[in-house]
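Trainee: Before we discuss the ligand site, may I see the sequence and the structure?

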Amino acid sequence: MQKQSQWKTSTGFILASAGSAIGLGAMWKFPYMAGIYGGGAFLFMFLLFTLIVGLPLLIMEFAIGKMGRTYTTKIYEKLTNKKWLNIIGWNGNLAVFILFGFYSVIGGWIVIYLAHVFMQILGFEQGPLGHIQFEQVIGNPWITIVGQGVFILLTMIIVMFGVESGLEKASKFMMPLLFIFLIIIVAKSLSLDGAMSGLKFLLQPRTEDISMDGVLFALGQSFFTLSLGTTGMITYASYASKEMTIKTSALSIVLMNILVSVLAGLAIFPAIGAFGYEPTEGPGLLFKVLPQVFDEMAFGTGFYFIFLILFLFAALTSSISLLELNVSNFTKNDNSKRTKVAFIASILVFIISIPATLSFSSLSSIQFAAGTIFDNMDFLVSNILMPLGALGTTLVTGYLLDKQALRTYFGPDRFKLFAPWYYLVKFVLPVVIIVVFIVQLI
Ligand code: TRP
């Protein structure tokens, strides 16, 4: 029996796709990338790409999902009658598979930090939160493997229960709570010594800090944080009810994502100087700085514990979408196979995540192309597979789909946005993606 899963309500759809988008990308990756690629310059390019490239692409993915209403290794054939175009769906499937592999490494760190803080609350560990030394946490291969195993396991259990689970309800209060917590951290951070120079670093774009690499990674960051180019958002839109509004959903997701990214930056950069860190700390940035900020707060340990739970929740609503894409493609929307497919996919992800985790410890000396194994997995996905997938979908949308049909799915158009969107997708974005792509290969 074939039964397509569905969100119960259209807010359910927005919450789920916002959940997919808002995650480690905004909170963990954005600050560390901004730290490496020039702070304000990176923020500026990221905003530009997110609004001009990301938003139209997100609208496009939603429109395609709504039109095709099936899993993404079939949807291209269904819409164009060209079977070979399903390769775009397979590209996306491969991308999220690898992505989940390295995403779970960071998810695992959150789990380990949670465990430490919990021990502290129970009184088994003493001292300030700053005693949780990042290098020690990630340097222990066994513990990190267990941590990411737990993260993958949690994702798997949720996906096994299907999309209409309690998550919709949970994200209604978890997400606002996360905003509130971020604002509290920002306030504390801004009160620390030397906060101003950190703030300036993040908010002031300096032209001398703009580099070609920065441009590439800013585009990659827009793709990553909006879950674009892997057909993940197409999958979610294919589950949505007919009434869902494409433009307002996409716009609200983009704005929320920008807000969380900026808040994460504002939470971290003002605090860097006070604790003697550099912006270029890399993937460990958030994990090194935040415990110290919480140490400065009354009830810091308890607050940090709640924050980590919210952070874990945000990461899980994203990893769920990663696994969900594999599940929908391999079950072909036949829900009776869901448990089995979710199980097998999770085991495979766990296997490929091990070398990713070990690139922070025993395999750290293996360096090639973009850096460690972890860096290369990230680069392959964010800078190659995602842009390629997005390129394919823009070409399909611009040159193979019926313009009138697209207009219908675009929805009521009070501000006459269809034409600019359509020409952007048809002529401008493919060129932007190709140029950026070629430049990075050189
Ligand atoms: N956007 C998510 C984040 O920022 C990551 C993510 C979830 C994703 N699903 C995706 C990225 C699908 C690409 C494709 O944490």
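Mentor: The ligand sits in the second largest cavity, a cavity being a set of points on a 1 Å grid over the protein atoms alone where a 1.4 Å probe fits but cannot get out. A molecule sits there if more than half of its atoms lie within 2 Å of its grid points. This is a predicted model, in which local features need pLDDT of at least 70, side-chain atom pairs count only at pLDDT 80 or more, and totals for chains, interfaces and linings use all residues. Residues are numbered from 1 along each chain as its sequence is written, and side-chain values use heavy atoms, with hydrogens and water left out.

Trainee: Which element gives the most residues to the shell around the ligand?

Mentor: Helices here are DSSP runs of H or I with at least four residues, numbered from the N terminus. Those giving two or more residues to the shell include α1 (10-21), α5 (87-122) and α14 (300-331). With three residues, the element that gives the most is α14.

Trainee: How far is the polar side-chain atom of Ser321 from a nitrogen atom of the ligand?

Mentor: Ser321 is among the residues that come nearest to the ligand, as are Tyr103 and Thr230. A polar contact is a pair of N or O atoms within 3.5 Å. For Ser227, the distance from a polar side-chain atom to a ligand nitrogen is 3.0 Å. For Ser321, the corresponding distance is 2.9 Å.

Trainee: How much of the ligand's area does the protein bury?

Mentor: Areas come from the Shrake-Rupley method with a 1.4 Å probe. The ligand taken alone exposes 360 Å², and the share buried by the protein is 100%.

Note on methods: Near = heavy atom within 4 Å. Polar contact = N/O pair within 3.5 Å; in protein donor to acceptor, adjacent residues only side chain to side chain. 1 Å grid on protein atoms, 1.4 Å probe; cavity = no way out; pocket = protein on both sides within 12 Å on 5 of 7 lines; lining within 4 Å.
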